[in-house]
Amino acid sequence: MIFKIGGMYYKVQEEEKIQYRYEVLGQVDYLTGEIVVDNKLDINRKNQTIAHELLHGMLFEAGYKEQDEDLVHRLGIVFYQFLKDNDLSVFKEEADL
Ligand SMILES: [Zn+2]
């Protein structure tokens, strides 16, 4: 899975035991654009975690080097629900000129 944020690519990879090694479900590396999520997560938890890490990436690309984890956590939950429950293709429609 690859996502573009601010012209940069973020690649999602699954790895074993992320939550045991780092006590988190996922991580993002802004320099390499790598997002890793624990491969043992339930599909919904995995996607919610990816949305959370993507939100970190969006804030970083917007210039927020220091981020409030509680804010990202709360927004990440809403962001995941928004992505999951809406048809986002409407944003790709071109306006008639
Ligand atoms: Zn986070």
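Predicted model: local features only at pLDDT ≥ 70, side-chain atom pairs only at ≥ 80, totals over all residues.
Biologist: Which pattern does the protein chain follow along the sequence?
Modeller: Helices (H or I, at least four residues) and strands (E, at least two) are DSSP runs, numbered from the N terminus. The protein chain has three helices and four strands. Read along the sequence, they give β-β-α-β-β-α-α.

Biologist: In what order do the strands of the open sheet lie?
Modeller: Strands pair if DSSP finds at least two bridges between them. β2 and β4 are parallel, with five bridges, while β3 and β4 are antiparallel, with four bridges. β1 (2-5) and β3 stand at the edges with a single partner strand each, so one side of each has no neighbour in the sheet. The pairing is mixed, and the order is β1-β2-β4-β3.

Biologist: Which residue is the bridge partner of V28 in β4?
Modeller: β3 and β4 form a hairpin with four residues between them, and G33 in the turn has a positive phi of about 75 degrees. Within this pairing, D29 stands opposite E34 and G26 has V37 as its bridge partner. For V28, the partner in β4 is I35.

Biologist: Which residues of β3 make up its uncovered face?
Modeller: In a regular strand the side chains alternate between the two faces of the sheet. Strand β3 covers residues 26-29, and its covered face holds G26 and V28. The uncovered face has Q27 and D29.

Biologist: How many of the five residues of β4 are buried?
Modeller: A residue is buried if 20 or more other C-beta atoms lie within 10 Å of its own, exposed if 12 or fewer, and partly exposed in between, with C-beta atoms placed from the backbone. Of the 97 residues of the protein chain, 21% count as buried. β4 is largely enclosed by the rest of the structure, because its buried residues number four.

Biologist: At what angle do the axes of α2 and α3 cross?
Modeller: Axes are lines fitted to C-alpha atoms, for helices over the stretch in contact, and angles run from 0 to 180 degrees between N-to-C directions. The axes of α2 and helix α3 (residues 69-85) come within 8 Å. They cross at roughly 115 degrees.

Biologist: Which residues does Y80 touch, leaving aside those up to four places away in sequence?
Modeller: Contact requires C-beta atoms, placed from the backbone, within 7 Å of each other. Y80 is among the residues of α3 that meet α2, and Y80 also belongs to the largest nonpolar core. Its touching partners are N47, Q48 and A51.

Terms used:
Residues numbered from 1 in each chain as written. Core = buried A, V, L, I, M, F, W, Y, C linked by C-beta atoms within 7 Å. Contact = placed C-beta atoms within 7 Å.
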